[in-house]
Amino acid sequence: MSGKTANVQLLERLRQLRENSVGRLSSQLASQRQVAQRCRNNIDALNQLKTVHLPAPGGGKVMQNAAGYKAMLQRVVDWQQQEYALAQAEIAQLQRALYEKSREEMRLAQAVKLQRQQIHRVEARRQQRQTDDIALQSWLRKQK
C-alpha cells in the first residue's frame, strides 16, 4: 500500500510541476500579447505621423527633409511590422505549447484522481474485511 501512495505522491508532484509550467507559459503568453499590442500601437501611431502634412514654405531643402522624414518613418513602420509578425508567431507557438502542457497536466490530474480512488477502494475493502472479521468473532463468541 505504501508503494501505491508513493506512486500517487510522485504523480501529484509531477502534476504540480506541469501546473507550474502551465502558469509560466500563461504569463509568457500574456507578456508576448502585450509586446504585440505595443507594436500594433506603434504602427498605428507612426502611420498617423506619416499622414501629417507639413507646411510647404517652398524650397528644395524643406522638401528633401520632409521626404527623408517620411522615408525614415516608413522604415520604422516596416521594422515595427516585422516585430509585430514575430510577436504573433511567438504567440501562436506559446499557445500551442500552453495547450499541450495543459492537456498533460489534466491527464496527470486525472491519473492522480484515479489512483487515489483506487487506494480509497482498497482501504475501504480492507476496513470492511476487518469489520466483518470482528463481527464474525463477536458472533462466534456469542455462539459458545
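**Salt bridges across a helix pair**

Arg-15 and Glu-19 sit 4 residues apart in helix α1, so about one helical turn separates them; helices here are DSSP runs of H or I, at least four residues long, numbered from the N terminus. The model is a predicted one, with local features needing pLDDT of at least 70, side-chain atom pairs counting only at pLDDT 80 or more, and totals for chains, interfaces and linings using all residues. Residues are numbered from 1 along each chain as its sequence is written, and side-chain values use heavy atoms, leaving out hydrogens and water.

Arg-15 and Glu-19 form a salt bridge, with their closest N and O atoms 3.5 Å apart (the cut-off is a side-chain nitrogen of Lys or Arg within 4 Å of a carboxyl oxygen of Asp or Glu). Arg-15 is buried at 14% relative accessible area, while Glu-19 is partly exposed at 40% (buried is under 20%, exposed over 50%, partly exposed in between, with a 1.4 Å probe and protein chains only).

Arg-15 also pairs with Glu-105 in a salt bridge, at 2.9 Å from N to O. Glu-105 belongs to helix α2 and Arg-15 to helix α1, so this pair ties together parts 90 residues apart in sequence. Both Glu-105 and Arg-15 are buried. A salt bridge also joins Arg-18 and Glu-104, at 2.2 Å from N to O. With Arg-18 in α1 and Glu-104 in α2, that pair ties together parts 86 residues apart in sequence. Arg-18 is partly exposed, at 23% relative accessible area, and so is Glu-104, at 25%.

Zooming out, Glu-12, Arg-15, Glu-19, Glu-105 and Arg-116 are linked in a salt-bridge network, and the whole structure holds 8 salt bridges.

Technical notes: Helices (H or I, at least four residues) and strands (E, at least two) are DSSP runs, numbered from the N terminus.
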